[in-house]
Amino acid sequence: MSSSQTKRPLSSAKTGPISGDIRVPGDKSISHRSLMFGGLAIGTTKVTGLLEGEDVLATADAMRKLGATVTRDDDGTWHVTGVGVGALREPDSVIDMGNAGTGIRLMAGIVATHPITTFFTGDASLCKRPMGRVADPLAEFGAKFITRDRGRPPMAVIGTDEAKPITYTLPMASAQVKSAVMLAGLNTAGTTTVIEPKPSRDHTERMLRHFGVDVDVKVNDDGGRTVSLTGPAEMKAADIVVPTDPSSAAFPLVAALIHRDSNVTIRDVCLNPLRTGLITTLIEMGGDITITNEREEAGETIGDLVVTGKNRLQGIVVPADRAPSMIDEYPVLAVAAAYAEGETRMCDLEELRVKESDRLAAVAAGLEANGVIHRIEGDDLIVTGGAVPGGGMVETHLDHRIAMSFLVLGLGAEKPVAVDDANPIATSFPSFEKLMGDMGAKFALHS
């Protein structure tokens, strides 16, 4: 979203049961990668189910500027004709990644080991986010980075034609940093290795294999993983069916759980075990969630979620080691916790401080504005559930997940809950308002 775009305040009001048989948009992480990997492969990759949100469209434009041919049919099928690893061209203009944190970090990894200079920028939110966490390891390959203070975009990446493979130990679990290093390794002679302290999302590893790259994954004695690939790699076009995004499914999922007599089926959800932390947590809280029609597509597990609101949620302790599998879902989990009986403690949320906004602070401020009892202890968020007074205005900080989470909060609150700007929702879930409205949610422009 452009920082100059007029804000659109939106409010949600208490509603009855939520019901419907729905399909949320395609998974954002897989959508980004399908365009990037298709652009690096030899041949034409057909992509169906792509998320057509602003973040992913920015990645499509980026791959075009780097030389790939990216087109869309009228029926929503996308075709990506790649140039091959090592054959990207230098862009003629600045690449604007919008709000796409995943997009800019993975793209930095791709171009770092190509002998081209690439300039990246983004919206006001993205330009506040630190890039040092990817720039530091990518510099070890030989790439050079120029950023604003504290490593913030706009950012120039001066790629190297003499890349040297590295072994990099992640300071914390991060799929974005892991993926950036692995993608740099594709065009580097030798073996590139990433050691992660805890397992993070493995969409990159799975999809690279789908495109013909040999990726070795070993489980370490401490529970972490060592991921290696040998370059230069050759990628071959491989069609992708994008499953629906569990991070987007989280909003109708929680909306159903907080209303008795709700009954919602969410189709074709990505059930990668490193993405299902929220589902596991909500089931532990007593949520009635059943997985049906489970199957495999392009290396990913997919299934349907059947959700009812027949059980009152109960507060629990969410362990720190679950964070990597649900890092984007903590805002909406905090909403579920606000309606649960007792206290819910979410442990070790340090990573939330460097998302689209400082999500930990933004969630706490939103809960405060709507009368929800909570506290922060270190990097833990503790929420005491019960009746939600509502009536507050939530500052979204250009963060789509903060906006959607607190609109869900309002669906059960005593008074309407407003967010200061609903525009950022388009980055990941353009159909959010209509889909939720069709299931019974009540939204209105806030004056």
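This is a predicted model: local features need pLDDT of at least 70, side-chain atom pairs count only at pLDDT 80 or more; totals for chains, interfaces and linings use all residues.

Colleague: Where is Ala143, and which residues is it in contact with beyond its neighbours within four places in sequence?

Modeller: Ala143 sits in the loop that runs between helix 4 (132-141) and strand 8 (144-146). Setting aside neighbours within four places in sequence, Ala143 is in contact with Ala112, Leu138, Ile158 and Thr160. As for Arg133, 10 residues away along the chain, its C-alpha atom is 14 Å from that of Ala143.

Colleague: Why is Thr102 called buried?

Modeller: Its relative accessibility is 16% and the cut-off is under 20%, so Thr102 counts as buried. Thr102 belongs to helix 3 (residues 101-112).

Colleague: How do you know that the side chains of Thr102 and Gln176 make a polar contact?

Modeller: The distance is 3.0 Å, and a polar contact needs N or O atoms within 3.5 Å, one able to donate a hydrogen and the other to accept it. Gln176 is also one of the residues Thr102 touches, along with His32 and Arg33, not counting residues up to four places away in sequence. Val56 is 46 residues from Thr102 in sequence, and the C-alpha to C-alpha distance is 9.6 Å.

Colleague: What about Arg322: why is it called buried?

Modeller: Arg322 has 14% relative accessibility; buried is under 20%, so the label holds. Arg322 is found in the loop between strand 18 and helix 9. Its side chain joins that of Glu284 in a polar contact of 2.9 Å, and the limit is within 3.5 Å. Not counting residues up to four places away in sequence, Arg322 touches Gly277, Thr280, Thr281, Glu284 and Tyr330.

Colleague: Which position does UniProt give for the "active site" feature, and where does that residue lie?

Modeller: The UniProt record, an unreviewed entry, puts "active site" at Asp328. Asp328 lies in the loop between strand 18 (317-318) and helix 9 (330-339). With a relative accessible area of 11% against a cut-off of under 20%, Asp328 is therefore buried.

Colleague: What makes helix 11 mostly covered?

Modeller: Of its 11 residues, 11 are buried. Helix 11 covers residues 400-410, and the buried residues include His400, Arg401, Phe406 and Gly410. At its start, a side-chain oxygen of Asp399 comes to within 3.0 Å of the backbone nitrogen of Arg401.

Colleague: What makes strand 4 and strand 14 edge strands?

Modeller: Four strands form an open sheet in the order 4-5-3-14, with mixed pairing. Strand 4 (69-72) and strand 14 (240-241) each pair on one side only. Strand 3 (residues 44-48) and strand 14 run parallel and are joined by 2 bridges; pairing needs at least two, so these strands count as paired. In one of those bridges, Thr48 has Val241 in strand 14 as its partner.

Colleague: How is the chain divided into domains, and how many residues does each give to the contact?

Modeller: Domain 1 takes 10-26 + 243-445 and domain 2 takes 28-241. The contact takes 33 residues from domain 1 and 29 residues from domain 2. Their centres, taken over C-alpha atoms, are 28 Å apart. Between them, domain 1 and domain 2 bury about 2600 Å², 50% of it on carbon and sulfur atoms.

Methods: Residues are numbered from 1 along each chain as its sequence is written. Side-chain values use heavy atoms; hydrogens and water are left out. Buried means under 20% relative accessible area, exposed over 50%, partly exposed in between (1.4 Å probe, protein chains only). UniProt positions are given in the numbering used here, feature names are shortened, and annotations may be inferred rather than shown by experiment. Contact means heavy atoms within 4.5 Å. Domain bounds come from an automatic or database domain assignment. Buried area is the accessible area (1.4 Å probe) that two parts lose on being put together, summed over both.
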